[in-house]
Amino acid sequence: MDDSGHGSLLELDGLSRSFGDLRAVDDVSFTVPGGQMTGFVGGNGAGKTTTMRLVMGLLATHAGEVRWNGEPMTAARRRRIGYMPEERGLYPKQKALDQLVYLGELSGMTAAAAKAAVLDHLERFGLADRAGERVEKLSLGNQQRVQIIAALMTSPDALILDEPFSGLDPQAVDSMVDLLREHTARGVPVLFSSHQLELVERLCDRLVVLSKGRVVASGAVDELRGAGPERYRITVGGDAGWVRDQPGIHVHDVDGSTALLEFPDSAARQALLRAALDRGDVLDFARQVPALSEIYREVTA
Amino acid sequence: MKSTAWLTVARREIITKITDRAFLFGTLGLVVILAGALGVQAFFANQATEYAVVTSSSAGYQIGEQVRTVAEAEDDKTTVSLSEAPGDAAASQVVKDGDADVWLHEGDGGWVLTGKDNVDSGLTIAATTAIRDAVLRTNAAAAGTSVELLQRGSAVSTSILDGDAERAGVAKAVGFALAMLFYVASLTFGIALANSVVEEKASRIVEIITTKISVRELLAGKVMGNLALALAQMALFVGVGLIGLTFTDYDRFVPAISGAVGWFVVFFVVGFGLLSCLWAVAGALATRTEDVQSTSMPLTTLTMAVFFAALFVDGTVKTVLSFVPPFSAILMPIRVLEGSAPWWQALAALAILVLAAGLVVQVAARLYQRSLLQTQGRLSLRQAWATPE
């Protein structure tokens, strides 16, 4: 898969937005290529929700531009984007089926097409028998599913999902992931925010990290992981403290029999391994790829 | 498709409302009460009265026939049956047995109506008129003159310089009914509209909706849906009322009322639309249903002011207010009903009302748009106006 995806391209270019003196979103630029899942992470108050609202036109931008395939975003385009807001909401007293059909019609679907799409999605989430129930009677997890259907049912051109996985049980997360993969397979750009870094790591092709309203890291997940220094983990039979006395290497951390090391070149690496074998057992020696959570901690520190 | 988005919204408003039991039972309840009240009126108006009169002489029978003519001419639901008994004792017995209501017979210097335990006042009045006329005619002939000559110049009638008294009375009653309708409709629908706006806001579904359609379309759909329902409800009430009236003694006023109701409907549509937009804003300023009561306070007061103005103002104030929106929405139709406003005044007031409504829609749309995404407590009007998009 090439980097631009095989579908459309959503671009955020220099978006800024202030609330009074607070600069909630500050010169945010990144791209969401079609056919890929882009994870959007950042602490509370980092500006994720505001950024998504700017993309959806719910808030006016103070600077910058949102582009769709190189053209400025329009209201008609936004109608074709599936959006799931952070603060979940549906009409509590209306039946699940009825209000999903209503939202489908507002997106420009015919009532019949909307109904077929809704029933299909309810079926997939195992909610077919709850279609006629009022939303307030559904469990929170099921309300969440209904909300997701509202975003996905229109075969949208793009998906902007604010915390789509929060409140879902593992099984629902899996069916949700399957569903999202179907949409990326159509070449649709998907941007979703999440606090669950392991989940983002598992799902995402790309990552955007936001901190205090600014983008602090953005790119393909593999690139981001590879961008840091190469580290190796060594586990020996005895205490690993002796590595500190080895010349020409950088010791990142020593914990009992395990050490985390950086080498300037492969000769230094070979020398260390030989020295370790001279001293006794080497239980483990492996390249350490940083977890997303480490990258996240580093860039937001 | 986009241009019909407000229709989709309006349709949902209507469907939600008419499948709401409270709304349905409320409407039905009012129709039943209205029909019941009119039914009682109609029952008494249509109740047939029958008087059985017995006489004991041929002179008595002749006078009885005069009484029958007068009584039946007075009220077409009244019938008088006459019978002749062979003698006073027999006639008295017939009344005692309850086979006749009264025994009509000659007494000292006149005629007597003898009943068992009472004599109906309606019959007494008819008998008094008939007997006086008949006796007067006989006496006049005996004196060589005629009743007409004797009564010449004695007729007394009344007239009012300022308008038509009967019409004024009807205008007052119908005006009250229409003002009441407007008040109840704009209050009940207004509060419901404000609540449905705050429901969308509180549940955050508005965030999804406004990525699909514009805030103006949403506002238009909600106002139109409620307007259609309010009109339908009003048509039902007015229809039941007018049809009911035709069965009562007031049936002769129906044509005059129907004409004024036409004006009322036009003013209602525009006035209700104007107020509805404001109610929607009241809803948008709140964040929770509990807040609506305080954000809608000024509107509740305004609606009540319109209602009480319709009932109590008079003279110049009334004329002036009948051009001032939203007071004109109900005061002008009432003036048309009274006959104190020519058609061009009604049109002028309507034009002003339409202009005001247009302006209110613009302002309301801005306030509505800017407050919809503000979820931190209640907003003041000034805050909502100044909030950036």
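The model is a predicted one, in which local features need pLDDT of at least 70 and side-chain atom pairs count only at pLDDT 80 or more, while totals for chains, interfaces and linings use all residues. Residues are numbered from 1 along each chain as its sequence is written, chains are lettered from A and ligands numbered from 1 in the order in which they are written, and side-chain values use heavy atoms, with hydrogens and water left out.

Helices (H or I, at least four residues) and strands (E, at least two) are DSSP runs, numbered from the N terminus. The buried residues of H1(A) include Lys48(A), Thr49(A), Met52(A) and Val55(A). Thr49(A), placed in this helix of residues 48-55, has a relative accessible area of 18% and is therefore buried. Its side chain makes a polar contact with the side chain of Glu86(A) at 3.2 Å. A polar contact is a pair of N or O atoms within 3.5 Å; within protein, one must be able to donate a hydrogen and the other to accept it, and residues adjacent in sequence count only if both atoms are side-chain atoms. When residues up to four places away in sequence are not counted, Thr49(A) touches Glu86(A) and Asp162(A), contact meaning heavy atoms within 4.5 Å. Just after H1(A), Gly57(A) has a positive phi of about 75°.

At the interface, 27 residues of chain A are in contact with 22 residues of chain B. The two chains bury about 2,500 Å² between them, and carbon and sulfur atoms give 59% of this area. Buried area is the accessible area (1.4 Å probe) that two parts lose on being put together, summed over both. Arg12(B), Thr211(B) and Lys212(B) supply 26% of the area that chain B buries against chain A, more than any other three residues.

Seven residue pairs in polar contact are found across this interface, both residues being at pLDDT 80 or more. On the side of chain B that touches chain A, helices H1 (5-18), H7 (165-202) and H8 (205-212) of chain B each give two or more residues. H8(B) gives the most, with seven residues.

The rule also finds two salt bridges across the interface, a salt bridge being a side-chain nitrogen of Lys or Arg within 4 Å of a carboxyl oxygen of Asp or Glu. Glu105(A) forms a salt bridge with Arg11(B), their closest N and O atoms being 2.8 Å apart. Glu105(A) counts as buried, at 12% relative accessibility, whereas Arg11(B) is partly exposed, with a relative accessible area of 40%.

Over all chains, the structure holds 21 salt bridges. Within chain A, Arg145(A) forms one with Asp169(A), the closest N and O atoms being 3.8 Å apart. This pair links distant parts of the chain, 24 residues apart, with Arg145(A) in helix H5 (residues 140-152) and Asp169(A) in the loop between strand E7 (158-162) and helix H6 (170-185). Arg145(A) counts as buried at 13% relative accessibility, and Asp169(A) as partly exposed at 37%.

Definitions and conventions:
Buried means under 20% relative accessible area, exposed over 50%, partly exposed in between (1.4 Å probe, protein chains only).
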